[in-house]
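Here is a short briefing on one chain.

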Amino acid sequence: MIRSTEQAYNTIDTKAQGIPYEAIDHLRNLDSTEGLIKKLKYAFENAYNGKVYYSDELRIMLPAPLWYAVVAEKHLHLDYADDLLNLFSVEEDWDLMNEQAVYLVGKMAKQYPTEFVNKVLEYIEGNIDKESKTPYIFSFEALYYATDEQFDRIFAILDLDNFQWLDHYIRILGDIQHEGTLEKFKRMLPKFEGKHTAIELQFYIDVMEGRVTEFEKGLAFCEMRDVEWKNHYQQMEAIFSQSEAPIHSDKKVGRNDPCICGSGKKFKQCCMN
């Protein structure tokens, strides 16, 4: 039985197998103290830091940052916003952490639509400027909760060069269909004639002008996932019962599976392309 905050921290920090349900729930049920927020920030900042979460004895990366990301669902705070976004700025492949971080991005944007979405837009602009090919695509989840005042800046990002994830950005805006999206897409279309981006633009133009009748808008992942975290992670218990860490899972997304970006579309209709 978990009797203290320190015991909960120690359980999460050292558990290599299984899901520390009791420790996670203990922390989720606490008040959002300065110490707890600092612990979450530290976990995000060092999620891929082998000096912090690598077990020399077991020779694996421990999954503690993932469990702290689950705890963070109940302790949303702007103090760790930059560290959360920076999880998408690394080359490491940890599908489960990316998925949980996408969930948190949506929750953060929903709670802090002005402050957090502005951070996300700055983050996207910075990655485009650096011609980054890291998966900052996952930060786009925040756009579902953007305010009306932010859409001029959101549309301006469409005009930036060397945008690695432009097509997916278009898909998100095509789902949101904010006022001005149709005219913006029409103005962009000639620039991409003969390219796949033109196909994406034309599809959403057709949707917004009523020529596509079978279209379902995507939702933010945080609106689709089971609100009870245990129900979601119980489906993955087999992964965490293995002797090897799940960080570099070999599990592949099927063509007809829901896309990991959280768009609500099938993988073959979204990021597979």
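**Briefing: chain, helix pair, residue**

Of the contacts in the chain with a separation of 6 or more, 70% are between residues 24 or more positions apart. The model is predicted. The chain holds 15 helices and two strands.

**Burial and surface**
- The chain has 273 residues, and 50% of them are buried.

**Helix α1 against helix α5**
- Helix α1 covers residues 5–14, and helix α5 covers residues 64–71.
- The two helices pack at an angle of about 135°, and their axes are 7 Å apart.
- On the α1 side, Tyr-9, Ile-12 and Asp-13 make the contact.
- On the α5 side, the contact comes from Ala-64, Trp-67, Tyr-68 and Val-71.
- The residues of this α1–α5 contact divide into six nonpolar, one charged and no polar.

**Gln-111**
- Gln-111 lies in helix α7, which spans residues 95–111.
- The relative accessible area of Gln-111 is 46%, so the residue is partly exposed: the cut-offs are under 20% for buried and over 50% for exposed.
- Leu-78 is 33 residues from Gln-111 along the chain.
- The C-alpha atoms of Gln-111 and Leu-78 are separated by 10.0 Å.

Methods: Residues are numbered from 1 along each chain as its sequence is written. This is a predicted model: local features need pLDDT of at least 70, side-chain atom pairs count only at pLDDT 80 or more; totals for chains, interfaces and linings use all residues. Side-chain values use heavy atoms; hydrogens and water are left out. Helices (H or I, at least four residues) and strands (E, at least two) are DSSP runs, numbered from the N terminus. Buried means under 20% relative accessible area, exposed over 50%, partly exposed in between (1.4 Å probe, protein chains only). Contact means heavy atoms within 4.5 Å. Axes are lines fitted to C-alpha atoms, for helices over the stretch in contact, and angles run from 0 to 180 degrees between N-to-C directions. Ala, Val, Leu, Ile, Met, Phe, Trp, Tyr, Cys and Pro count as nonpolar, Asp, Glu, Lys and Arg as charged, and the others, Gly among them, as polar.
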